[in-house]
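Biologist: I am new to this structure and would like to learn how to read its features. Please take them one at a time.

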Amino acid sequence: MAAHRRPRQRPPSGSAAGRTAVILALAGAATATAFEGAGHADPRLTPAQVKARVDRLYQEAEEATERYNGAKEKADEARASLDTLRDEAARRTERLNTARNGLGSIATAQYRDGGLGLGPVLQLALSADPDRYLDSAAFARLAGDRQADAVAAVRHELTGIAQVRAESGGHLRELEARRAELSRHKSTIRGKLTAAEKLLARLTAAERARYADGVGAEAGAGDRTGDRATRDTAPRGIRAPNARAAQAVSYAYGALGKPYVWGATGPSAYDCSGLTQAAWRSAGVSLPRTTYTQINAGQRIPRSALAPGDLVFFYSGISHVGLYIGGGRMIHAPRPGAPVRIAPIDEMPWAGATRVA
């Protein structure tokens with residue numbers, strides 16, 4: 001039977017079907033080669049290209065840091081509210097127990113006076129679910145005026161405890177949502193920083209040093225020397241508009257050389273908004289935590305009106321802030337690996353300025 005099978009017909013090489021098959025095969029091979037090459041490609045970037053990419057990664061990391069700071073502030077508020085509600089629930093539970101003990105005393109007196117069965121008050125005092133018992137029509141019918149005040153006290157505390165528990169549940173859900181948000185922002189920050197470190201690792205030691213020095217080239221004496229007078233106090237030539245601004249500037253000078261750590265607010269390390277918040281806190285002024293809220297914490301001013309102590313903001317997303325010290329310079333916490341330093345305000349894209357006090 002096999003001998004009678006017809007041989008498989010192959011399309012002539014010149015036919016349309018043949019040409020299509022050949023084209024598809026060649027295209028598939030080319031695509032596979034292209035993907036394989038892309039997967040293993042590791043083009044040599046110039047130092048300038050590395051710097052541009054690293055700068056962008058650090059900026060994106062700082063944007064994520066400010067979102068992290070905002071989420072953390074809200075998480076802290078939710079945690080504080082939850083702790084307050086838990087304390088309130090404990091106080092109400094204590095008052096409920098006192099009220100129930102009072103009912104128990106009334107019930108005991110009823111029993112001693114000759115009550116043969118469990119009276120309504122005693123049933124309430126012994127009930128495992130007093131709220132349900134209070135709602136029963138039987139108790140409403142049997143309870144007399146003599147116990148009305150005691151019963152009302154129990155009902156009041158039960159209602160209050162239920163309200164506190166419901167409110168606590170809302171704050172707990174908010175806290176859990178904020179924790180999840182914090183985790184997402186942490187992952188984003190770490191991913192950006194890891195990518196930046198890998199890019200910097202492509203540079204030679206000399207190139208990395210030049211890159212580090214290039215960020216805030218006007219670091220100045222306070223950043224590079226051990227002169228305590230320069231590090232801890234503002235130069236006499238700087239004239240702040242008021243005592244509070246002078247104190248904020250003085251604090252910023254004292255932070256020169258301290259490391260950048262995202263999420264940090266001092267005194268040993270800072271991120272950009274953490275530094276400005278700490279500087280003004282030392283002057284008795286409370287600033288919000290993030291760059292995009294700090295810009296609205298005072299009076300907006302034009303760049304031409306800047307004075308020492310003003311907050312200066314950068315990038316379209318308001319993701320970086322520094323403290324103006326005069327002469328076109330600021331003190332800021334630039335990025336990981338770059339400590340608090342003096343820098344010209346021209347080194348980043350301008351976004352605005354705010355006068356706090």
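**Reading the features**

Modeller: Pro267 belongs to the loop between H10 and H11. Keep in mind throughout that this is a predicted model.

Biologist: What is the peptide bond from Gly266 to Pro267 like, cis or trans?

Modeller: The bond is cis, with omega near 0°.

Biologist: How is a pair of aromatic rings described?

Modeller: Two quantities describe such a pair: the distance of the centres and the angle of the planes. The structure holds three aromatic pairs. In one of them, Tyr68 and Trp262 are 5.0 Å apart centre to centre, with 85° between the planes, and the pair is edge-to-face. Tyr68 is in helix H2 (residues 47–112), while Trp262 is in the loop between helix H10 (243–254) and helix H11 (272–281), so the contact ties together parts that are 194 residues apart in sequence.

Biologist: Is Tyr68 buried or exposed?

Modeller: Buried, because its relative accessibility is 9% and the cut-off for buried is under 20%.

Biologist: Why is the pair of Tyr251 and Tyr270 called edge-to-face?

Modeller: The planes of Tyr251 and Tyr270 stand at 85°, so the pair is edge-to-face; the ring centres are 6.4 Å apart. This pair also links distant parts of the chain, with Tyr251 in helix H10 and Tyr270 in the loop between H10 and H11, 19 residues apart. Tyr251 is partly exposed, at a relative accessible area of 22%, whereas Tyr270 is buried, at 1%.

Biologist: How much of helix H11 is buried?

Modeller: H11 is mostly covered, with nine of its 10 residues buried. Among the buried ones are Cys272, Leu275 and Trp280.

Biologist: Now to charged side chains. How many salt bridges are found in the whole structure?

Modeller: A search of the whole structure finds 11 salt bridges. To read one, look at the distance from nitrogen to oxygen, which has to be within 4 Å. For Arg56 and Glu60, the closest N and O atoms are 3.0 Å apart. Both residues lie in helix H2, four residues apart, which is about one turn of the helix. Arg56 is partly exposed, with a relative accessible area of 42%, and Glu60 counts as buried at 19%.

Biologist: Which other pair in helix H2 is four residues apart?

Modeller: Lys72 and Asp76 have that spacing in H2, again about one turn of the helix. Their side chains meet in a salt bridge of 3.2 Å, N to O. Lys72 is partly exposed at 33% relative accessible area, and Asp76 is partly exposed at 33% as well.

Biologist: What does Arg303 form with Asp346?

Modeller: Arg303 and Asp346 form a salt bridge, with the closest N and O atoms 2.1 Å apart. The pair links distant parts of the chain: Arg303 is in the loop between strand S1 (299–301) and strand S2 (311–314), and Asp346 is in the loop between strand S5 (341–344) and strand S6 (350–355), 43 residues apart. Arg303 is partly exposed, with a relative accessible area of 35%, while Asp346 is exposed at 60%.

Biologist: Which residues do salt bridges with shared partners join into one network?

Modeller: Arg56, Glu60 and Lys192 are joined in that way.

Biologist: Where does the charged end of Arg303 sit?

Modeller: The charged end of Arg303 sits over the ring of Trp350, 4.7 Å from the ring centre.

Biologist: Let us turn to cavities. How many of 30 Å³ or more does the structure hold?

Modeller: The structure holds one cavity of 30 Å³ or more. The largest cavity has a volume of about 50 Å³. Its lining includes Tyr58, Glu62, Trp262 and Arg335. H2 and helix H6 (148–200) are the elements that give two or more residues to this lining, and H2 gives the most, with four residues. By type, the lining residues divide into eight nonpolar, one polar and two charged.

Biologist: Last, the backbone angles. Which value does phi take at Tyr315?

Modeller: Phi of Tyr315 is positive, about 75°, although this residue is not a glycine. Tyr315 lies in the loop between S2 and strand S3 (320–326) and is buried, with a relative accessible area of 17%. Ile318, found in the loop between S2 and S3, has a positive phi near 50° and is not a glycine. Ile318 is buried, with a relative accessible area of 16%.

Notes: Residues numbered from 1 in each chain as written. Predicted model: local features only at pLDDT ≥ 70, side-chain atom pairs only at ≥ 80, totals over all residues. Heavy atoms only, no water. Phe/Tyr/Trp six-rings, centres within 6.5 Å; stacked < 30°, edge-to-face > 60°. Buried < 20%, exposed > 50% of the residue type's maximum accessible area, 1.4 Å probe, protein only. Lys NZ or Arg CZ within 6 Å of the ring centre and 35° of its normal. 1 Å grid on protein atoms, 1.4 Å probe; cavity = no way out; pocket = protein on both sides within 12 Å on 5 of 7 lines; lining within 4 Å. Points joined across faces, edges and corners; volume = space filled by probe spheres on them. Nonpolar A, V, L, I, M, F, W, Y, C, P; charged D, E, K, R; others polar.
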